[in-house]
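Please read it alongside the model shown here.

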Amino acid sequence: MKTLVFCLYLLVGGVALAAAETPSARVDSLLRVTQKAAHDTLKAEAYVYLVAEYRYERDVALAYARSGIVLAKKTGFYRGLYNLHNQMGVVYDVAGEYLPALEAYEQAMEAARILKRPELMGSI
């Protein structure tokens, strides 16, 4: 578990450093994580960042969200499910698709309930 937390810390730190990079370099780094990371939770977390990167490109963002959701469900990574559904809701919101956005946000709320993290519900 400590190794997983450390790997997540490295991923988030790497993404923060990637913020100084060009968008294409940041995306390339995240795509490398989705292909080469040892843990599916790390891959799912990389998909969260990819969805955020592509939030204005609906189809691309939703494809990344769905890929991340598959991995997060497979591993029981509910924080990842929360983040992915929340980002998916943002994508639909930006596209003006409010009913699918609401459904995505409701799925994020369910993940927050499972995590017993009511503060996450307030940030949707």
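1. Helices (H or I, at least four residues) and strands (E, at least two) are DSSP runs, numbered from the N terminus. On that basis the elements of the chain run α-α-α-α-α-α-α from the N terminus on, a total of 7 helices and 0 strands.

2. The model is predicted: local features need pLDDT of at least 70, side-chain atom pairs count only at pLDDT 80 or more, and totals for chains, interfaces and linings use all residues. Residues are numbered from 1 along each chain as its sequence is written, and side-chain values use heavy atoms, with hydrogens and water left out.

3. Of the 124 residues in the chain, 40% are buried (under 20% relative accessible area, with exposed over 50% and partly exposed in between; 1.4 Å probe, protein chains only). Among contacts (heavy atoms within 4.5 Å) with a separation of 6 or more, 50% join residues 24 or more positions apart.

4. The helix α3 (40–53) is mostly covered, with 12 of its 14 residues buried. Among them are Asp40, Lys43 and Glu45, as well as Leu50 and Val51. The 14 residues of α3 should span 20 Å at 1.5 Å a residue, and its end C-alpha atoms are 20 Å apart, which agrees (the expected span is 1.5 Å times one less than the number of residues).

5. The largest nonpolar core has 30 residues. Such a core is a set of buried Ala, Val, Leu, Ile, Met, Phe, Trp, Tyr and Cys residues joined through side-chain atoms within 4.5 Å. At least two residues each come from α2 (23–36), α3, α4, α5 and α6, and α4 supplies the largest share, 7 residues. Leu50, Val51, Leu84 and Met88 have the most contacts inside the core. Leaving aside neighbours within four places in sequence, Leu84 touches residues including Tyr47, Val51, Ala65 and Ile69.

6. The largest pocket holds about 190 Å³ of space. A pocket is an open set of points on a 1 Å grid over the protein atoms alone, where a 1.4 Å probe fits, with protein on both sides within 12 Å along at least five of seven lines; lining residues have an atom within 4 Å of a point. The volume is the space filled by probe spheres set on the points, which are joined across faces, edges and corners.

7. Which residues lie nearest the centre of the largest pocket? They are Ile69, Lys73, His85, Glu103 and Gln107, out of 14 lining residues. The elements giving two or more residues to this lining are α4 (58–75), α5 (78–94) and α6 (98–115), and α6 gives the largest share, 7 residues.
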